[in-house]
Amino acid sequence: MSDLGSAPVPPVGADDHARGAGAETLIVYADLGCPHCARDWFELNKSGRRIVFRHFPVRSKHPRAPELHGAAEAAGLQGAFFEFVDSLYADRGHVDDPHLWQRVERFGLDLDRFERDRRSDAIAARVRRDFESGIRAGVTGTPALFDADGARASA
Amino acid sequence: MIAVGDKAPDFTLRNQDGDEVSLADYQGRKVLIVFYPMDFSPVCSDQLSIYHEVKPELTEKGVELVGISIDHPWAHKAFQEKLGIDTTLLADFEPKGEVAKAYGSWFDAGFANRTLVLVDEDGSVAWTYESPSPGEFPGANVIFDALG
(Lines give C-alpha, C1' and ligand atoms only; values in the text may rest on other atoms or scores of the structure.)
Protein backbone atom coordinates (compact mmCIF):
# COMPACT_ATOMS: atom_id res chain seq x y z
CA MET A 1 0.00 0.00 0.00
CA SER A 2 1.34 3.41 -0.94
CA ASP A 3 2.33 6.22 1.36
CA LEU A 4 -0.02 9.11 0.61
CA GLY A 5 1.55 11.69 2.91
CA SER A 6 2.57 15.06 1.56
CA ALA A 7 5.26 15.16 -1.11
CA PRO A 8 6.20 17.57 -3.87
CA VAL A 9 4.94 16.98 -7.37
CA PRO A 10 7.34 14.53 -9.02
CA PRO A 11 9.62 16.11 -11.59
CA VAL A 12 8.71 15.57 -15.22
CA GLY A 13 10.09 12.24 -16.35
CA ALA A 14 10.66 10.46 -19.62
CA ASP A 15 7.44 8.49 -19.29
CA ASP A 16 5.25 11.52 -18.61
CA HIS A 17 2.83 12.54 -21.32
CA ALA A 18 4.25 15.83 -22.57
CA ARG A 19 3.33 17.98 -25.54
CA GLY A 20 4.82 21.17 -26.90
CA ALA A 21 8.26 22.70 -26.81
CA GLY A 22 7.66 25.83 -24.76
CA ALA A 23 10.36 27.07 -22.45
CA GLU A 24 7.93 26.86 -19.54
CA THR A 25 6.29 23.65 -18.42
CA LEU A 26 2.79 23.29 -17.03
CA ILE A 27 1.92 20.06 -15.23
CA VAL A 28 -1.83 19.44 -15.41
CA TYR A 29 -3.58 16.98 -13.12
CA ALA A 30 -6.80 16.34 -14.98
CA ASP A 31 -9.85 14.12 -14.95
CA LEU A 32 -11.09 13.04 -18.38
CA GLY A 33 -14.68 13.14 -17.15
CA CYS A 34 -14.38 16.62 -15.67
CA PRO A 35 -16.24 19.47 -17.40
CA HIS A 36 -13.92 22.09 -15.90
CA CYS A 37 -10.93 20.28 -17.39
CA ALA A 38 -12.66 20.11 -20.76
CA ARG A 39 -13.41 23.83 -20.58
CA ASP A 40 -9.78 24.72 -19.82
CA TRP A 41 -7.89 22.06 -21.76
CA PHE A 42 -7.66 23.70 -25.17
CA GLU A 43 -6.87 27.13 -23.76
CA LEU A 44 -4.04 25.65 -21.70
CA ASN A 45 -2.66 24.06 -24.82
CA LYS A 46 -2.65 27.41 -26.59
CA SER A 47 -0.59 29.01 -23.83
CA GLY A 48 2.75 28.30 -25.48
CA ARG A 49 3.88 26.19 -22.56
CA ARG A 50 4.90 22.57 -22.65
CA ILE A 51 1.92 20.66 -21.27
CA VAL A 52 2.42 17.59 -19.10
CA PHE A 53 -0.76 15.58 -18.54
CA ARG A 54 -1.17 13.60 -15.34
CA HIS A 55 -4.12 11.38 -14.57
CA PHE A 56 -6.46 12.31 -11.74
CA PRO A 57 -9.70 10.36 -12.26
CA VAL A 58 -12.30 10.63 -9.50
CA ARG A 59 -14.86 7.92 -10.09
CA SER A 60 -17.45 9.16 -7.64
CA LYS A 61 -17.53 12.51 -9.40
CA HIS A 62 -17.25 11.14 -12.92
CA PRO A 63 -18.14 7.45 -13.10
CA ARG A 64 -16.65 6.92 -16.57
CA ALA A 65 -13.36 8.60 -15.70
CA PRO A 66 -11.30 5.50 -14.86
CA GLU A 67 -12.32 3.86 -18.14
CA LEU A 68 -11.45 7.00 -20.10
CA HIS A 69 -8.04 7.30 -18.49
CA GLY A 70 -7.34 3.68 -19.26
CA ALA A 71 -8.40 4.24 -22.84
CA ALA A 72 -6.15 7.27 -23.23
CA GLU A 73 -3.20 5.31 -21.84
CA ALA A 74 -3.94 2.44 -24.22
CA ALA A 75 -4.06 4.88 -27.14
CA GLY A 76 -0.78 6.29 -25.86
CA LEU A 77 0.86 2.90 -26.20
CA GLN A 78 0.06 3.23 -29.90
CA GLY A 79 1.31 6.81 -30.10
CA ALA A 80 -2.01 8.60 -29.90
CA PHE A 81 -2.29 9.76 -26.28
CA PHE A 82 -2.94 13.43 -26.86
CA GLU A 83 -5.14 12.82 -29.90
CA PHE A 84 -7.31 10.69 -27.66
CA VAL A 85 -7.36 13.18 -24.81
CA ASP A 86 -8.23 16.02 -27.19
CA SER A 87 -11.05 14.01 -28.72
CA LEU A 88 -12.51 13.12 -25.30
CA TYR A 89 -12.53 16.72 -24.15
CA ALA A 90 -13.85 17.95 -27.50
CA ASP A 91 -16.83 15.60 -27.48
CA ARG A 92 -17.85 14.80 -23.92
CA GLY A 93 -21.21 13.47 -24.99
CA HIS A 94 -19.68 10.49 -26.77
CA VAL A 95 -17.54 8.57 -24.32
CA ASP A 96 -19.16 5.14 -24.17
CA ASP A 97 -17.32 2.12 -25.47
CA PRO A 98 -18.64 2.30 -29.08
CA HIS A 99 -17.50 5.92 -29.21
CA LEU A 100 -14.06 4.91 -27.97
CA TRP A 101 -13.89 2.25 -30.70
CA GLN A 102 -14.83 4.88 -33.29
CA ARG A 103 -11.90 6.98 -32.12
CA VAL A 104 -9.59 3.97 -32.34
CA GLU A 105 -10.66 3.49 -35.95
CA ARG A 106 -10.37 7.19 -36.75
CA PHE A 107 -6.82 7.34 -35.37
CA GLY A 108 -5.83 4.12 -37.18
CA LEU A 109 -5.10 2.18 -34.01
CA ASP A 110 -5.19 -1.58 -33.48
CA LEU A 111 -8.55 -2.21 -31.77
CA ASP A 112 -7.68 -5.63 -30.35
CA ARG A 113 -4.55 -4.28 -28.75
CA PHE A 114 -6.42 -1.22 -27.48
CA GLU A 115 -9.06 -3.39 -25.86
CA ARG A 116 -6.46 -5.60 -24.25
CA ASP A 117 -4.29 -2.75 -23.03
CA ARG A 118 -6.90 -0.44 -21.59
CA ARG A 119 -7.98 -2.96 -18.98
CA SER A 120 -4.49 -4.17 -18.11
CA ASP A 121 -3.00 -4.06 -14.65
CA ALA A 122 -0.03 -2.13 -16.01
CA ILE A 123 -2.21 0.69 -17.26
CA ALA A 124 -4.26 0.77 -14.07
CA ALA A 125 -1.00 1.09 -12.13
CA ARG A 126 0.24 3.84 -14.43
CA VAL A 127 -2.96 5.85 -13.93
CA ARG A 128 -2.92 5.24 -10.18
CA ARG A 129 0.70 6.38 -9.99
CA ASP A 130 -0.25 9.79 -11.31
CA PHE A 131 -3.34 9.94 -9.10
CA GLU A 132 -1.34 9.20 -5.96
CA SER A 133 1.28 11.80 -6.82
CA GLY A 134 -1.55 14.31 -7.11
CA ILE A 135 -2.99 13.28 -3.75
CA ARG A 136 0.43 13.67 -2.16
CA ALA A 137 0.77 17.13 -3.69
CA GLY A 138 -2.55 18.14 -2.17
CA VAL A 139 -4.72 18.08 -5.26
CA THR A 140 -8.37 18.45 -4.25
CA GLY A 141 -9.95 19.26 -7.60
CA THR A 142 -9.25 19.36 -11.29
CA PRO A 143 -7.67 20.77 -13.27
CA ALA A 144 -4.80 21.31 -10.82
CA LEU A 145 -1.82 23.13 -12.29
CA PHE A 146 1.84 23.12 -11.26
CA ASP A 147 4.98 24.50 -12.81
CA ALA A 148 8.05 22.40 -13.45
CA ASP A 149 9.39 23.19 -9.98
CA GLY A 150 6.24 21.88 -8.36
CA ALA A 151 4.79 25.24 -7.37
CA ARG A 152 1.10 25.84 -7.91
CA ALA A 153 0.51 27.55 -11.22
CA SER A 154 -2.36 29.32 -12.86
CA ALA A 155 -3.81 29.15 -16.33
CA MET B 1 -12.43 23.19 18.43
CA ILE B 2 -11.99 20.19 20.66
CA ALA B 3 -8.42 19.74 21.91
CA VAL B 4 -6.07 16.89 21.17
CA GLY B 5 -6.00 14.57 24.17
CA ASP B 6 -9.58 15.31 25.19
CA LYS B 7 -12.05 12.49 25.50
CA ALA B 8 -14.13 12.57 22.32
CA PRO B 9 -17.76 13.26 23.25
CA ASP B 10 -19.87 10.20 22.62
CA PHE B 11 -22.88 10.54 20.39
CA THR B 12 -25.63 8.48 18.86
CA LEU B 13 -26.85 9.54 15.43
CA ARG B 14 -28.78 7.90 12.61
CA ASN B 15 -26.86 6.89 9.52
CA GLN B 16 -27.95 7.01 5.88
CA ASP B 17 -30.06 3.90 6.42
CA GLY B 18 -31.76 5.23 9.55
CA ASP B 19 -29.79 2.97 11.88
CA GLU B 20 -28.37 4.36 15.10
CA VAL B 21 -24.59 4.62 15.25
CA SER B 22 -22.62 5.64 18.33
CA LEU B 23 -19.02 6.69 18.65
CA ALA B 24 -18.72 3.94 21.23
CA ASP B 25 -19.40 1.44 18.43
CA TYR B 26 -15.90 2.28 17.14
CA GLN B 27 -14.16 1.50 20.42
CA GLY B 28 -10.88 -0.23 19.66
CA ARG B 29 -10.59 1.31 16.20
CA LYS B 30 -9.44 4.66 14.93
CA VAL B 31 -12.18 6.78 13.41
CA LEU B 32 -11.76 9.88 11.31
CA ILE B 33 -14.80 12.14 11.70
CA VAL B 34 -15.31 14.47 8.77
CA PHE B 35 -17.61 17.33 9.77
CA TYR B 36 -18.86 18.98 6.59
CA PRO B 37 -21.46 21.67 5.85
CA MET B 38 -24.07 19.86 3.80
CA ASP B 39 -24.86 17.12 1.36
CA PHE B 40 -24.76 17.92 -2.35
CA SER B 41 -22.77 21.14 -2.03
CA PRO B 42 -19.94 21.25 -4.61
CA VAL B 43 -17.09 21.38 -2.10
CA CYS B 44 -18.58 18.68 0.12
CA SER B 45 -19.06 16.49 -2.94
CA ASP B 46 -15.42 16.96 -3.92
CA GLN B 47 -14.20 16.32 -0.40
CA LEU B 48 -16.09 13.09 0.15
CA SER B 49 -15.23 11.92 -3.37
CA ILE B 50 -11.50 12.43 -2.90
CA TYR B 51 -11.54 10.77 0.52
CA HIS B 52 -13.48 7.84 -0.92
CA GLU B 53 -10.70 7.33 -3.47
CA VAL B 54 -8.18 6.76 -0.67
CA LYS B 55 -10.38 4.66 1.58
CA PRO B 56 -8.36 1.48 0.93
CA GLU B 57 -5.24 3.25 2.20
CA LEU B 58 -7.14 4.56 5.24
CA THR B 59 -8.43 1.09 5.96
CA GLU B 60 -4.88 -0.21 5.66
CA LYS B 61 -3.96 2.16 8.46
CA GLY B 62 -6.88 0.94 10.56
CA VAL B 63 -8.96 4.08 10.14
CA GLU B 64 -12.75 4.14 9.72
CA LEU B 65 -14.12 7.14 7.84
CA VAL B 66 -17.35 8.78 9.03
CA GLY B 67 -19.01 11.93 7.72
CA ILE B 68 -21.28 14.11 9.86
CA SER B 69 -23.48 16.96 8.69
CA ILE B 70 -26.82 18.50 9.64
CA ASP B 71 -28.63 16.64 6.86
CA HIS B 72 -31.40 14.10 7.40
CA PRO B 73 -30.67 10.38 6.84
CA TRP B 74 -32.76 10.46 3.66
CA ALA B 75 -30.59 13.22 2.25
CA HIS B 76 -27.48 11.28 3.28
CA LYS B 77 -28.79 8.22 1.47
CA ALA B 78 -29.42 10.16 -1.72
CA PHE B 79 -26.04 11.89 -1.46
CA GLN B 80 -24.27 8.60 -0.90
CA GLU B 81 -26.01 7.08 -3.90
CA LYS B 82 -25.31 10.10 -6.10
CA LEU B 83 -21.60 9.88 -5.38
CA GLY B 84 -21.50 6.10 -5.42
CA ILE B 85 -19.66 6.03 -2.11
CA ASP B 86 -20.07 3.77 0.89
CA THR B 87 -18.74 6.11 3.55
CA THR B 88 -20.98 6.13 6.62
CA LEU B 89 -22.82 9.45 6.81
CA LEU B 90 -24.39 10.45 10.13
CA ALA B 91 -27.26 12.88 10.58
CA ASP B 92 -26.61 15.65 13.12
CA PHE B 93 -30.18 16.65 12.36
CA GLU B 94 -32.12 17.07 15.59
CA PRO B 95 -31.16 18.80 17.80
CA LYS B 96 -29.54 20.47 14.84
CA GLY B 97 -25.75 20.44 14.99
CA GLU B 98 -25.58 19.17 18.56
CA VAL B 99 -22.61 16.90 17.88
CA ALA B 100 -20.76 19.49 15.79
CA LYS B 101 -21.20 21.97 18.65
CA ALA B 102 -19.90 19.43 21.19
CA TYR B 103 -16.74 19.07 19.09
CA GLY B 104 -16.35 22.81 18.54
CA SER B 105 -16.95 22.22 14.85
CA TRP B 106 -19.95 24.50 14.45
CA PHE B 107 -19.95 27.31 11.90
CA ASP B 108 -22.17 30.16 12.91
CA ALA B 109 -24.23 30.08 9.75
CA GLY B 110 -26.35 27.06 10.54
CA PHE B 111 -24.06 24.18 9.63
CA ALA B 112 -20.91 22.36 10.69
CA ASN B 113 -17.56 23.87 9.91
CA ARG B 114 -15.31 21.81 7.68
CA THR B 115 -13.20 20.03 10.28
CA LEU B 116 -11.52 16.68 10.76
CA VAL B 117 -11.25 14.87 14.08
CA LEU B 118 -9.23 11.69 14.47
CA VAL B 119 -10.36 9.64 17.45
CA ASP B 120 -7.99 6.93 18.58
CA GLU B 121 -8.73 3.41 19.74
CA ASP B 122 -9.52 4.41 23.32
CA GLY B 123 -11.81 7.28 22.37
CA SER B 124 -9.41 10.19 22.78
CA VAL B 125 -8.91 12.96 20.24
CA ALA B 126 -5.61 12.24 18.50
CA TRP B 127 -5.59 14.99 15.87
CA THR B 128 -7.77 17.77 14.53
CA TYR B 129 -7.86 19.97 11.48
CA GLU B 130 -10.00 23.06 10.89
CA SER B 131 -10.30 24.47 7.39
CA PRO B 132 -9.65 28.19 6.98
CA SER B 133 -13.17 28.47 5.58
CA PRO B 134 -16.05 26.12 4.76
CA GLY B 135 -15.24 26.65 1.09
CA GLU B 136 -11.94 24.79 1.31
CA PHE B 137 -11.06 21.29 2.35
CA PRO B 138 -7.76 19.66 3.20
CA GLY B 139 -6.30 17.25 0.72
CA ALA B 140 -6.09 13.62 1.71
CA ASN B 141 -2.33 14.04 2.09
CA VAL B 142 -2.97 16.06 5.25
CA ILE B 143 -4.76 13.08 6.78
CA PHE B 144 -1.94 10.70 5.92
CA ASP B 145 0.61 13.15 7.34
CA ALA B 146 -1.30 12.98 10.63
CA LEU B 147 -1.48 9.20 10.55
CA GLY B 148 2.27 8.92 9.99
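Student: Okay, which residue in E3(A) does Ile27(A) stand opposite?
Tutor: Ile27(A) stands opposite Val52(A) there. Keep in mind that this is a predicted model.
Student: How do E2(A) and E3(A) run, parallel or antiparallel?
Tutor: Parallel, with 6 bridges joining E2(A), residues 25-30, to E3(A), residues 50-55. Together with helix H1 of chain A, residues 35-45, the two strands make a right-handed β-α-β unit.
Student: And how many bridges join E2(A) to E4(A)?
Tutor: There are 4, and that pair runs antiparallel. Val28(A) stands opposite Leu145(A) in E4(A).
Student: Why is E2(A) described as largely enclosed by the rest of the structure?
Tutor: Because 5 of its 6 residues are buried.
Student: Back to Val28(A). What is it in contact with, leaving aside its neighbours within four places in sequence?
Tutor: Its contacts include Leu44(A), Ile51(A), Val52(A), Pro143(A) and Leu145(A). Val28(A) is also one of the residues with the most contacts inside the largest nonpolar core, alongside Leu32(B), Ile33(B) and Val34(B). That core has 80 residues, and helix H2 of chain A, residues 65-77, gives the most to it, with 6.
Student: You mentioned Pro143(A). Is the peptide bond from Thr142(A) to Pro143(A) cis or trans?
Tutor: It's cis, with omega near -5 degrees. Pro143(A) is in the loop between helix H6 and E4 of chain A. Chain B has a cis bond too, from Glu94(B) to Pro95(B), and Pro95(B) lies in the loop between strand E5 and helix H4 of that chain. As a general rule, most peptide bonds are trans.
Student: Switching topic: how many residues of chain B are in contact with chain A?
Tutor: 18 residues of chain B are in contact with 17 of chain A. H1(B) supplies the largest share of chain B's side, 6 residues. By class, that side has 7 nonpolar, 6 polar and 5 charged residues.
Student: What about Phe40(B), is it buried or exposed?
Tutor: Phe40(B) has 12 C-beta neighbours inside 10 Å, so it counts as exposed. Its phi is near 75 degrees, a positive value in a residue other than glycine. You'll find Phe40(B) in the loop between strand E3 and H1 of chain B.
Student: Last one: what does the model score for ipTM and pTM?
Tutor: The ipTM is 0.92 and the pTM is 0.94. For chain B, the mean pLDDT is 96, and 100% of its residues reach 70 or more.

Technical notes
Residues are numbered from 1 along each chain as its sequence is written. Chains are lettered from A and ligands numbered from 1 in the order in which they are written. This is a predicted model: local features need pLDDT of at least 70, side-chain atom pairs count only at pLDDT 80 or more; totals for chains, interfaces and linings use all residues. A nonpolar core is a set of buried Ala, Val, Leu, Ile, Met, Phe, Trp, Tyr and Cys residues joined through C-beta atoms within 7 Å. A residue is buried if 20 or more other C-beta atoms lie within 10 Å of its own, exposed if 12 or fewer, and partly exposed in between; C-beta atoms are placed from the backbone. Two residues are in contact if their C-beta atoms, placed from the backbone, lie within 7 Å. Ala, Val, Leu, Ile, Met, Phe, Trp, Tyr, Cys and Pro count as nonpolar, Asp, Glu, Lys and Arg as charged, and the others, Gly among them, as polar. Two strands pair if DSSP finds at least two bridges between them. A crossover is right-handed if, with the strands pointing away from the viewer, the path from the first strand over the helix to the second runs clockwise. pLDDT is the predictor's confidence in each residue, from 0 to 100.
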